[in-house]
Amino acid sequence: MEYAEIMERLAKVVSTDVRPIPEDALEKEKERFYETHKRSLELFEEAKSFIPGGVEHNLATSHPFPVAMDRAKGYRMWDVDGNEYVDFLLCGAPIILGHHYDPLDDEVVKIIQEKGPSTGLTSEYELLAAKKVCEHMPSVEMVRFLQSGTEADMAALRVARAYTQRQKVIKVEGSYHGWYDTYVSNLHIPGTGALNSVGIPPQAYEMLVEVKPNDFEGLEKAFEDNKDEIAAMVVEPVGGESGVHPVHPDWNARCRELCSEHGALLIFDEVVTGFRLDMGGAQKYFDIAPDLTVLGKIVAHGYPSAGAIAGRREVMEICGAGMGVRPFMGGTLAANPISCGACYHAIRLMEENDAVRKSTEFAHRIVEELNGLFATRPDLPFFLYNFGPIIHYVTTGFFAVDIGGPKAFEVISRRKTAEDYQMVASNMGLNSLAGTRMYTCMQHDDQALAKTLEVWEYILSLIPKK
Ligand SMILES: Cc1ncc(COP(=O)(O)O)c(C=O)c1O
């Protein structure tokens with residue numbers, strides 16, 4: 001779907017009244033959820049005494065309580081109560097070969113059994129993995145492995161500051177670049193400001209300049225107003241929260257131009273898009289060369305300790321390890337043999353299996369079929385769009401609400417209704433990201449498609465026609 005149509009349809013969703021599931025039907029679904037997720041509930045209740053809020057991970061926080069997973073294989077997952085799910089969360093994007101993919105697991109297990117998990121020293125896997133990343137990503141000549149996307153985003157800014165001898169960074173409202181102080185502003189929904197900044201000193205934002213998504217004039221002004229001060233601009237190349245706020249087709253090119261004009265570095269945060277949108281990431285897909293690339297979980301395909309900054313040699317060379325005058329970064333477990341071995345073999349297996357193409361083809365099918373299903377209910381504005389194997393499905397559009405406008409208060413009810421749909425989907429055995437996003441992998445098949453359609457037919461049947 002083209003940008004103009006996506007924006008038009010998003011506006012329509014937001015201007016249409018939210019369509020909740022009626023109370024009696026919702027109550028039944030809730031009872032069903034409690035009935036079929038007893039062990040998950042037990043674990044959650046006990047966890048509350050040992051883990052703040054009873055759950056560790058933002059993605060796992062779900063309504064009415066988090067579902068504890070037991071195992072995953074291919075595109076399927078099973079929870080601790082034995083319920084089966086077709087999974088479109090895929091660990092938040094890194095799984096593209098499929099969960100628990102034997103040829104990858106075998107290689108990783110071999111490393112553990114034959115060599116041990118880590119020594120704190122270097123190993124051949126670092127080089128193998130770095131070479132693989134360089135081979136695919138057009139702008140990348142050197143790689144430094146870290147331990148998470150957050151670390152890599154933080155390191156990229158430090159490198160940009162060291163390289164340009166400037167301090168400020170431009171970011172786009174509604175984007176996510178991990179939870180480093182300076183980046184935690186206007187998260188999720190543009191205009192929400194410091195809502196999530198509890199525990200962050202206001203000084204952390206002194207070096208932050210923010211612009212609205214796709215605001216070309218605002219961006220030019222940001223560079224003009226901060227002449228010779230901008231070290232870098234960081235973007236999610238398919239748009240904030242990886243496409244929830246979809247990118248205008250000319251945005252990335254304009255960011256590139258303005259960064260070059262003003263002597264700032266362009267950082268592509270490819271934590272979601274790297275080795276998913278294309279083997280060469282968004283930079284290949286859009287044919288734009290960033291100065292620095294941030295990679296995250298995908299570089300270990302779900303194995304722990306995964307993140308990297310990468311980029312052109314001249315910039316990257318200043319962040320070598322060891323003692324000396326350079327932007328300091330560390331991490332005892334960074335670049336350990338398991339993560340780097342997983343990175344090398346995962347990329348090799350993606351190549352061999354044409355994983356991105358297969359995942360993309362499936363994503364197109366699911367978007368087409370579900371859009372077809374939604375079209376049978378013209379009273380509902382629901383729709384899907386995708387950037388390759390990154391799918392956004394819009395039902396209540398809470399991300400798109402104008403927080404400065406008269407409908408700002410609707411965010412809560414819109415979010416709640418999306419969560420209710422998500423709970424029903426979960427009851428029916430379908431898992432996605434936050435009720436708004438679906439990632440596909442190379443193993444999704446006709447059965448996964450049929451299940452998805454069945455679940456959405458059921459959800460639609462619960463929403464009375466108008
Ligand atoms: C675009 C983007 N950048 C950075 C991050 C942070 O990565 P991590 O969770 O590994 O710290 C994420 C996480 O989802 C992300 O989606």
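In what order do the seven strands of the open sheet stand? Hold that for a moment, and take the ground rules.

This is a predicted model: local features need pLDDT of at least 70, side-chain atom pairs count only at pLDDT 80 or more, and totals for chains, interfaces and linings use all residues. Residues are numbered from 1 along each chain as its sequence is written.

Now the sheet. The order is β4-β11-β10-β9-β7-β5-β6, and the pairing is mixed. Strands here are DSSP runs of E, at least two residues, and helices are runs of H or I, at least four residues; both are numbered from the N terminus. Two strands pair if DSSP finds at least two bridges between them. The edges belong to β4 (142-146) and β6 (208-211). Each has a single partner strand, so one side of each has no neighbour in the sheet. On average, neighbouring strands are turned by 20° against each other, direction ignored.

β4 pairs with β11 (residues 307-311) in the antiparallel sense, over five bridges. Phenylalanine 145 has alanine 308 in β11 as its bridge partner.

Next, a helix pair. α5 (residues 124-136) and α12 (residues 337-353) pack at about 35°, with axes 8 Å apart. Axes are lines fitted to C-alpha atoms, for helices over the stretch in contact, and angles run from 0 to 180 degrees between N-to-C directions. From α5, Tyr125 and Leu128 are among the residues that meet α12, whose residues there include Cys340 and Ile347. Contact means C-beta atoms, placed from the backbone, within 7 Å. The contact divides into eight nonpolar, two polar and three charged residues. Nonpolar means Ala, Val, Leu, Ile, Met, Phe, Trp, Tyr, Cys and Pro; charged means Asp, Glu, Lys and Arg; the others, Gly among them, are polar.

On to the ligand. 16 residues surround the ligand, and the closest are Ser148, Gly149, Thr150, Gly178 and Val271. The cut-off is a C-beta atom, placed from the backbone, within 6 Å. Helix α6 (residues 149-164) gives the most to this shell, with three residues. The shell has three nonpolar, nine polar and four charged residues.

Last, the domains. Domain 1 is 3-37 + 354-462, and domain 2 is 102-353. Those bounds come from an automatic or database domain assignment. The C-alpha centres of the two domains lie 29 Å apart. The contact takes 17 residues from domain 1 and 20 residues from domain 2. On the domain 1 side, α1 (3-15), α13 (355-375) and β13 (390-394) each supply at least two residues. That side has twelve nonpolar, four polar and one charged residues.

Definitions and conventions:
Contact = placed C-beta atoms within 7 Å.
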